[in-house]
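Colleague: I'm new to this one and would like a close look at a single part of it. Could you walk me through it in plain words?

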Amino acid sequence: MATAMETIKKKTVRINGCVASAQAAKYADVDVIAAYPIRPYTATMMALAQMVANGELDAEYIVADSEHSQLSIAHGASSSGARVFTGSSGVGVQFAYELYSPISGSRMPVQMMIADRTLDPPGDFGSEHTDALSTRDMGWLMGWSCDAQEAFDNHLMAFRIGEDRRVLLPQMVCQDGFFVSHITTDVELPDPGQVKEFLPPYKHPYPLDPRRPVSHGPQIMPEQGPPLQLERARAMEGCMPVIEEIHEEFARIFGRRYDAWLEEYKTDDAEIVFFLQGGHAVTARFAINHMREKGMKVGMVRLRTIRPYPTERVCETLSRFKVVGVIETNMGLGSVSSGGSLYAEAAAALYESPKRPLIMSFMAGMGGEAIVLKEFYWMAQKMIDAQKRGKIEKRTHWVGFEE
Amino acid sequence: MSTKGTRIPEWLTVPFAGITPAPTQEKGQDLFPTGNWRSIRPVYRDKLPPCNNACGTNEKIQGYLDLVKRGKYLDAYALIKEDMPFPSVTGRVCYHPCETACNRGQYDEAISIRAVERFLGDLGQALQRDVVKPGKPNGKKVAVVGSGPAGHSAAYQLARLGYKVTILEKSPKAGGLNRGGIPDWVLPQDVLDREIERLIELGIAIKTNTEVGKDVSWDSLKKDYDAVVLAVGLTEPNSVRAEGENKQGVIYGLPFLRDIGMGTSKVKLGARVAVIGGGNTAIDCAREALRQGAVEVTMITVEGNPKEMPCVPEDLHDMLEEGVELIHGKAVTAVLGNGRVEALELHPAKFSGAINASPITINKDVAAEKFAVDNVIIAVGQHASLAWLPAEFKTERGSIKIDRFGRLGDTNFFAAGDIVQLGSGQPLMVVNAVGDGKRVAFNLDKALRGEALEPRKIAIDVIVDLNRMNMTYFPHFPRVKQDMLNPTSRKKTQDEVILAFTEEQAVEEAGRCFSCGTCNACDNCYLVCPEPCIARSDRSNGLYKILVDYCKGCRVCIEECPTGCLEGVPELDFDAGVVRMDTAFAISPGLHGRQAQELANLASRPAKEL
Amino acid sequence: MPAIEVQRQTLPILGNPNQGARFYNPDLPASEPFVPGHRTCAGCGPSIQYRMTSKASGDNTILVGPTGCMYVANSSYLCTPYNVPWAHTQIGSAGSFTAGVAAAYEAMIRKGKYKGTFPNVICEAGDGSASDIGLASISGALYRNHDCLIICYDNEQYANTGIQASSRTPYGGMTTFSPPGPKVPEAKTLYPKDLARMMAAGHPHCYVATASVGYPIDLMNKVRKGLNHKGAAYLMIYTPCQKGFVYETPRSIDLGRLVVECGLYPMWEWNPEKREYDYSFRPQTMRPVAEYLKLQGRFGHLHAEHIANLQKFANQQWQMMGVQLPEALIKSADPKNQVNMAASAEAEAVAQTL
């Protein structure tokens, strides 16, 4: 494949996260698209509908009768050997819940785009990560993008990772509703040749093909369950080097390098760090710059891939700091921290560390509210206080609702 | 890494993601044989259909009807030829006990078997070369005395067995009763001629004008041949023992028909003809009399009503249609007239015991009734002429004495046909004589080869009960009728009265057959099996096989077998092919490792042709 | 790249070679897409249906099995009897998974990613899936007109979970979720959902028909018509359940005939071209419903009035098909002309002891 710079025709367009996702699906030449409307991810499907109508993309565009059907259609199509793309938001993600385990269990690399939305009640359009995070243990690869460019890139990489014979797992490529999905930024669209080089055609080893008949998903005896579960667990763990390898490959072909697991921002000399995922990283960077000007030793660690969870990396990285403030943006009602679910996993990852930092959880950015500068300062202050004290005041703070 | 250091023991190996390779059609899902769920096993067990059983020569009637139904006419013809040398003849003349026995008769109307037989017989006649071939010559010579139905049949079967057969016939033309006892308008001469030709094609020599006792002796037969079949028939007409029976104008039925058949008849009938007798020959005589110029033909029978008459009902019907009158319950006691018959004297009469099988009682207390006629044809049966036969082989009733194998003592002489059946209770009919000839031929063969002879088999499992069949599969359908010539025109000619089936008619009528108790490859079991564990080797035949490794014994196939061929047999009756408990739940450790391996090899396997 | 035209299969319609004695011997391929070695009950109606359907569709077929007996009993212990591709899907995903398979093949063939003739895509959903939990997904697949055949193998209950009422369970049918008792002597009080008509009415562009295992050739021909129809097709097939209906196993096919003959399972086809029902199928005889009911333990508790109610229901079904009712059937709808089932007193006695 010719990838010499002179033959590559990249272009930069100004699009939002939803359209970036749709563009990624188009570049991946998906065969089947299963749509069902729910805001905010709908804009992705609207864009794809237009591409199909225009003849820019040859795919079966199916308007399903529910999210449950969307995922079943995706499952059926993927099982047949087609590359499929679907997506949802909020309660829609939950409506399809039954299918997440069967899809990963049958090792079908379905790709799902999620633009987060708060779960009902209240009927809130804003972004909270609870919708996708609630499915985090269902055997899907999962990670958040923080802007439209990263969303585009993550979709392409997720296809490549999920369809790799060593992996064969479905992927949830998540972005915050509104903050990423509906904010327009410059996105560099690659040359189709680059994508062709990066992403080979999808070929499942055992599809539903009448020429080589197989049965997918038969019943088992209880004793046959554990080996199958173990196999799925091994796939989840075993894909970690593949993910790293494919990020390298992506960097080589497209020239954009991402750390597969964590983005660190101004952490070299940081003593306190915000630990978060998704679009709030953009505001966090701004706030950190602001605080740095005031001499505060603050930084940010952003989790790019939460499934599989990079436990060792999280442990090593966060152990370098004095205080870690987890910005949840999700609901973990009655959880270990009585806050969100990111805290529990980060804390558990740190447990074996000989140099554990203090760790606390912030319920911020809930309901799709932006986390404003003042709130970053408030959170930083809580972390500095704890650092001074050598002890946290309490595990979870509801930002904006405390003095 | 939680999965680090894990291992899946070999006995728990499972295929990737539980994706299982397809089982094969040949072996089924052999990891899960379900045969031991069964307590009753379905078994194909063909019964003898009532038609086959009733047929004098046990033609495989159900078999050839089934072949006709499928359009395999030549196969059907070949099948019929196993037991019947001249289906074109019996297809016209047979008294069809098969149709009387036909189960369809109790349901709507019996199958018109004879018409289908004729269809096949005519098809065989049209063949350039017959499907039947002579057997490999075995160097032995057999004489068959008589070329009537029994002799014809015996000679035919013996030729097929490889014997060098010579038929000795006293008449100038071969055919015996087929020639001399059946009118042209029932059996055209050329049809019979063609069947005789078929015999010659089989290498059989026919010596006509050769009478045993006159041209050849008992001793020369014994000397010149390895074995002999005596099928001389009953050649001498019975008299009614009436006063004045020797008057001019009194004719006997069989010679009357025979002379017309041989073309040597000099009889000129008057306008009024009486026929004495109520059997098939009497009917043929009455109808022939019309064709020979008689105007008024009356049949006088001892039987009290038409139903008692020992004849084929259709023939009686056709006779009445042609205008013959019937007088029942009367016997001729005297033939009146001055040298030539002018009238008959009739008295009330009846059988003293069983109809047609007991002496006649005549009531002379009643005044005689006079019946004016120009001619009278007496057709009350025949007897044999056996002067040449050693006395030890004669019976009191004037027939040849045989053992239960058809053999005369310990000689190599066998006898068949009316000559042995006279008075035995078996109707003296063509098809019965054919059967006799066939069985005797087989026994003769056995005798010469030193094997044990076989008596006539008695059917042990004949399906007659419709409850043993699944009648839901049989909608009511009327019998296909054979077309006939118009009675007013036909009675003046020698044209064949009953017309042949067209191909469509034959197929339609054959299609009505229930195939009682016999597998006819209908595929019903094959289609309704839930497993499916009934294998079919070929669509065209009934070679089904129950895969006993899988059959759960639900008995749906047995219930849905239209013909009653499938039966349920308790599993305890078997000692082979039983699926044991330890293999029925086949999931023993490690079995799925095979699947894992098969799945892994799937890509290298050839793809299914679609 | 120009789109590749999708080649589709056309399966011949079977003739019935012999009317006089109704023998089948249909011209079917020798290959068996459904082989023995599965855990369905002896005499299983749905399995009979599966056998006929797969035999009619042939080797170039993909089967989809939403949760139900034909998943649980057929694919036990990683041993499946399917000699064609088969996939399990969730009980509510009948139509959607099937749609996914069909859509995938449309796209893959069109885009040159799969070289071959479009396969027969058949979904085998039980009535629980088809009439209750998967109704919307099936409606979606029919509405969108994917080239597939969706079959409801209707055993009138959730059977593999231990006989629970579905919305196809007939009035008077006893299940573990609709037991008879002193307060509810008839057991199930509701009449079944008219599922097939619902599908025909709502998706008039689809080929829709009802069939019964009692009529194998008709069943297989309807399967083939459904597969030949370009677009979605829907079949609802009566498949008796020995375990739930409580009858002697050899009667599976017999019940399939009786249910039609007594009018409880109207047989028809919806003609999508003419947009009209075809009611030309006629059973050999018409019978009162009691002849069907008395063979099954699940109706053993019924009283005369309940049987009369079912007769009334059957009579309405005949009338919907434009069939003139014989006097005997009209009379049978009067409770005075019915007698209690033999076991009705026993059923009551048992109920009292609970």
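This is a predicted model: local features need pLDDT of at least 70, side-chain atom pairs count only at pLDDT 80 or more; totals for chains, interfaces and linings use all residues.

What share of the contacts in chain C with a separation of 6 or more comes from residues 24 or more positions apart?

Modeller: Your number is 73%: that is how much of the contacts in chain C with a separation of 6 or more comes from residues 24 or more positions apart. Buried residues make up 62% of the 354 residues in this chain. For 354 residues, a compact globule would have a radius of gyration near 20 Å, and chain C agrees with that because its own value is 21 Å. Its C-alpha trace spans about 75 × 45 × 35 Å along the principal axes. In secondary structure, chain C comes to 13 helices and 8 strands.

Now for the part you asked about. Start on the chain A side, where 7 strands make an open sheet with mixed pairing, in the order 3-2-4-5-7-6-13. On average, neighbouring strands here are turned by 20° against each other, ignoring direction. Further in, strand 4 (residues 84-88) and strand 5 (residues 111-115) of chain A pair in the parallel sense over 4 bridges, and Gly87(A) stands opposite Met113(A) in strand 5.

Here is where chain C comes in. Leaving out residues up to four places away in sequence, Val32(A) touches Ala59(A), Glu60(A), Ile62(A), Ala77(A), Ala82(A) and Val84(A), and from chain C it touches Gly100(C), Ala103(C), Ala104(C) and Ala107(C).

Val32(A) also belongs to the largest nonpolar core, which has 246 residues; Val32(A), Ala346(A) and Ile150(C) are those with the most contacts inside it. Helix 3 (residues 94-110) of chain C gives the most to this core, with 11 residues. In soluble globular proteins, nonpolar side chains do tend to be buried together. There is a second, separate core too, with 139 residues, including Tyr163(B) and Phe413(B).

Chain C has another neighbour as well: 46 of its residues are in contact with 54 residues of chain B. By class, that side of chain C has 19 nonpolar, 19 polar and 8 charged residues.

Terms used. Residues are numbered from 1 along each chain as its sequence is written. Chains are lettered from A and ligands numbered from 1 in the order in which they are written. A nonpolar core is a set of buried Ala, Val, Leu, Ile, Met, Phe, Trp, Tyr and Cys residues joined through C-beta atoms within 7 Å. A residue is buried if 20 or more other C-beta atoms lie within 10 Å of its own, exposed if 12 or fewer, and partly exposed in between; C-beta atoms are placed from the backbone. Helices (H or I, at least four residues) and strands (E, at least two) are DSSP runs, numbered from the N terminus. Two residues are in contact if their C-beta atoms, placed from the backbone, lie within 7 Å. Ala, Val, Leu, Ile, Met, Phe, Trp, Tyr, Cys and Pro count as nonpolar, Asp, Glu, Lys and Arg as charged, and the others, Gly among them, as polar. Two strands pair if DSSP finds at least two bridges between them. Axes are lines fitted to C-alpha atoms, for helices over the stretch in contact, and angles run from 0 to 180 degrees between N-to-C directions. The radius of gyration is taken over C-alpha atoms; the globule rule is 2.2 Å times the number of residues to the power 0.38.
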